[in-house]
Amino acid sequence: RHPSRREPPSFSGGRGAVSLALAASVAASLRCPRKGCARAAAATAVQLEELAVCLRDAPVAQRMQAVVKLATAARGGDPGTALLQAQALPALVECLASSTAMTQMAAVAIVRSTAAGSGEARDALVSAGALPLLTEMLKAEGKASLQWLAAAALADIAEDNDTRRDAVVKAGALEQLQEMLWSPMPETKSQASAALEKITRGSEELLGKVELEAKAESDTQEVQFGEAAYWDKRYETEEHYEWIVGYAELKDIIVRVCASKSARILNLGCGTSRISEDMYDDGYTNIVNTDISETVINKMRARNVDRPGMEWLVEDALDMAGLADGTFDLVLDKSTLDALAHTQKAAVLAKLMGESCRVLKPEGTYLQITVNQHNPNYLRMPHLDFDIETLPLKGLRLDKTYVSICRKQPGADDVRRDRQPGFLEWAKSFDMRMPGVLEMVARNNRWEQM
């Protein structure tokens, strides 16, 4: 970054603003009176072939350094020709499968630049086996930049060529791009939509299928995660659905954090899960189950008439007016946070966390189970005071599940009463000013700066 550019670039415009900031930095280097700056910027084009050869010949242990250098140099030129001439594309594709995040990011950036080049380079990427690896990157929900670059690369490879498009479709890219349309991040939705438009262009069959599914997702997404009406309709026919894990997988953790079988437990957003029924049968008989859907509460109450003492209440997790302060030893949140996190509304998540903290007894435990590795970051909002331990559960039907054991600290109620009103006001303003970037703020734990 050139020393004359003292002001930090604006990120409010998303990827476009970052690109403009990078272009301005390069332009400043070329104008700079310091000869070294101009020489470095101008030299990138002639370095590409040499760096491609280095990548091809580098031992596996040194390949990360080679691919990062090539990615940096490729900002000033087209790497595709150099990679073809050096026969280095197979080595580049191997880097896409790296377990090192920096190597993956550098490799996919080069693939993206190469795919935007000649048809010969695109064909070579297909032959080198890039498509399955790029499609796998579309699943990297916690790594948005990887998703975006992979989506753009796949779209460029498939565009205006039936053979390459068929190969992209066969690799499963269409299904994964349609999954990205569910993302709470506007930029991820935009990248997925743009990629789908390119891939399906000229194919009425593919276009019709994608438009129908995308419309269905667009029409139902907000309803699914924000309104009781959706859940009421769903629970009219749903008898049982166990999202992520059941009691068998969580028993050891629940016993660890809540050893007393007489403990008062809140099952937040119970749905049709059997977890509280299994816990009751194991001796935890003091359980209160809540859900926003009156339909499911009535259904579950009728299903459990033979389990006396178990309560079923219609409550909104954002405002549990029927539950008193400090009355539960354990609050169990099995993906209620996941559902509400899709709104990407700071005010929504702040209320959920605040209510969970409010109803807990001093030194009680909020047990959060999620499939998103970044969701535990919301537990560090400034109106909360938890001692947090997050650990992954592996070997389940989903690739990874994360469990956060959050112990309410002695002064947590004072912190919540003091900070929550002001934080909620900030959160409402944030939601209007900066939609879609909440996860980024949480991931970097920037709450104290807000």
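Axes here are lines fitted to C-alpha atoms, for helices over the stretch in contact, and angles run from 0 to 180 degrees between N-to-C directions. This is a predicted model: local features need pLDDT of at least 70, side-chain atom pairs count only at pLDDT 80 or more, and totals for chains, interfaces and linings use all residues. Residues are numbered from 1 along each chain as its sequence is written, and side-chain values use heavy atoms, with hydrogens and water left out.

**Figure 1. Overview of the protein.** The secondary structure comprises 21 helices and 7 strands. Helices (H or I, at least four residues) and strands (E, at least two) are DSSP runs, numbered from the N terminus. Of the 450 residues, 48% are buried. Buried means under 20% relative accessible area, exposed over 50%, and partly exposed in between (1.4 Å probe, protein chains only). Take the contacts between residues at least 6 apart in sequence: 70% of them join residues at least 24 apart. Contact means heavy atoms within 4.5 Å.

**Figure 2. Helices α19 and α20 where they meet.** Two packed helices are described by the angle between their axes and the distance between the axes. The axes of α19 (residues 346–359) and α20 (residues 412–433) come within 8 Å and cross at roughly 165°. The two helices are therefore roughly antiparallel to each other. Angles under 35 degrees count as roughly parallel, over 145 as roughly antiparallel, 65 to 115 as roughly perpendicular and the rest as oblique. The crossing of α19 and α20 is left-handed, meaning that the near helix is turned anticlockwise from the far one by less than a right angle. On the α19 side, the contact includes Ala346, Ala350, Gly354 and Arg358. On the α20 side, the contributors include Arg416, Gln420, Phe423, Trp426 and Phe430.

**Figure 3. The buried side of helix α17.** Four residues of α17 (residues 294–303) are buried: Val296, Ile297, Lys299 and Met300. They span an arc of only 165° around the axis, which puts them on the same side of α17. The arc is that of the directions from the helix axis to the C-beta atoms. Their cover includes α14 (228–235), α16 (275–281), β2 (287–291) and β3 (311–314). Ser293 caps the N-terminal end of α17, with a side-chain oxygen 3.3 Å from the backbone nitrogen of Thr295.

**Figure 4. Lys299, a lysine within α17.** Lys299 sits in helix α17. It counts as buried, at 19% relative accessibility. A polar atom of the Lys299 side chain lies 2.5 Å from the backbone oxygen of Tyr235. A polar contact is a pair of N or O atoms within 3.5 Å; within protein, one must be able to donate a hydrogen and the other to accept it, and residues adjacent in sequence count only if both atoms are side-chain atoms. Leaving aside neighbours within four places in sequence, Lys299 is in contact with Tyr235, Glu236, Thr237, Glu238 and Glu239.

**Figure 5. Asn375 in its loop.** Asn375 lies in the loop between β5 (360–370) and β6 (386–393). The residue is buried, with a relative accessible area of 3%. Its side chain makes a polar contact with the side chain of Asp338 (2.8 Å). Beyond neighbours within four places in sequence, Asn375 is in contact with Leu337, Asp338, Ala341, Gln368 and Thr370.

Figure 6. Arg164, Arg165 and Val168 are the buried residues of α10. Seen down the axis, they fall within an arc of 100°, so they line one face of the helix. The face turned away from the buried side carries the exposed residues Thr163 and Lys170. Asn161 caps the N-terminal end of α10: one of its side-chain oxygens lies 3.2 Å from the backbone nitrogen of Thr163. Gly172 follows α10 and has a positive phi, near 90°. Asp160 is found in the loop between α9 (144–158) and α10 (162–170). Asp160 is exposed, with a relative accessible area of 62%. The C-alpha atoms of Asp160 and Ser203 are separated by 10.0 Å, while the residues are 43 apart along the chain.

Figure 7. Most residues other than glycine have a negative phi. Ile244 is not a glycine, yet its phi is positive, about 70°. Ile244 lies in the loop between α14 and α15 (247–257) and is buried, with a relative accessible area of 2%. Ser335, also not a glycine, has a positive phi of about 75°. Ser335 sits in the loop between β4 (328–334) and α18 (336–341). Ser335 is buried, with a relative accessible area of 7%.
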